Amino acid sequence: MIKEFIATGKTEMEAISNAKAGLNAPAKFELDVKTEILEMPKKKILGLFGGSDAKARAYYDDGVKEQKASKKQNKKNNKPAGKKAEPKKDAKPAKQSEQKAAPQPKKEAQPKKEKDFPKSVDLEYAKSYLAEIVKGLDVKDAKISATYEEGVVTMEIDCEDYGIIIGRRGETLDSIQYLLSLAMKKSSGSYVRVAINVGNYREKRNETLRHLADKNSQYVLRTGKRYTFEPMNPYERRIIHTAVQEIEGVESRSIGYNQDRRVVIEPVGGVKPRQNRGRGGRAPQKSAAVTTKPADYTPKKDRADLPKYGKIELNKD
């Protein structure tokens, strides 16, 4: 079944981002999400009136279309046609063995249909498109290689100064990858996944994220508190979820919306409230209030040699 969400935005990129966020596809379908621009943005006349936002559509196929169709067919076949015919009086009742419905053979699981990837794509076009972007970033002497296999275009960039291509936490690299995927989709006429790597950034980032997942999972197990990561893209969140699944006693989930979506690690069953503890890990004990006189209590008495009140001097003036 095709699940879709249509959203608008001031730009094409914003409309696509809002459509993906509204679709909120499960993690296993995030790579299968497709997008398309329904309406291009229109500028206001003289900057005062008219104009409209861009409109985009995000969708994916969850693979349950055929199952639902078969269920509907079975329901139609099992419906009685009109009123039941009354049995004749002379007819003998059927034997008990004949009355029992014959067991229906189990339906064989239908194999999943493989995605129809294009047999070939224009790798030279992909290399030239990426070269123009890299050139615009003022990166010199960059060497680009590209391969295509099973619907994925893998591209490697070899250059000396690749920090500007990666950007802060890979944001620039992800944006370039997204733009190139749109260009390849338009060129080939069908969805093509694009993966760009530069300076082995993907491998290093993968290792760093798995280390962070393990480190913060140990913190959660030790303290019983939850830990929240900074906002991440779907690819990095998937790495965190996969690493946490291998650690007993903790679980992970995603919270937030759109660009602010992030991963939370917490103990299995949720965070339990903790009691206040004193020094040494023990709860502080309050001293009991004294409400009765002790047995050896004696009231204080004034000394006989002292006046009862202090001396009062009067001014003679």
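Student: Before we look at residues, what does buried mean here?
Tutor: Buried means under 20% relative accessible area, and in this predicted model F229 is buried, because its relative accessible area is 5%.

Student: How many aromatic pairs does the structure hold?
Tutor: The structure holds 3 aromatic pairs. In one of them, the rings of Y125 and Y129 have centres 6.2 Å apart and planes at 45 degrees, so that pair is tilted.

Student: OK, back to F229, how is its ring placed against Y227?
Tutor: The ring centres of Y227 and F229 lie 5.1 Å apart with the planes at 85 degrees, so this pair is edge-to-face. Y227 counts as partly exposed at 29% relative accessibility, whereas F229 is buried.

Student: Which residues do ring pairs link into a cluster?
Tutor: Ring pairs join Y219, Y227 and F229 into a cluster.

Student: Changing topic, what lies over the face of Y59?
Tutor: That is R57, which is placed at 4.0 Å from the ring centre of Y59.

Student: And which ring has the charged end of R202 over it?
Tutor: The charged end of R202 sits over the ring of Y235, at 5.9 Å from the centre of that ring.

Terms used. Residues numbered from 1 in each chain as written. Predicted model: local features only at pLDDT ≥ 70, side-chain atom pairs only at ≥ 80, totals over all residues. Heavy atoms only, no water. Phe/Tyr/Trp six-rings, centres within 6.5 Å; stacked < 30°, edge-to-face > 60°. Buried < 20%, exposed > 50% of the residue type's maximum accessible area, 1.4 Å probe, protein only. Lys NZ or Arg CZ within 6 Å of the ring centre and 35° of its normal.
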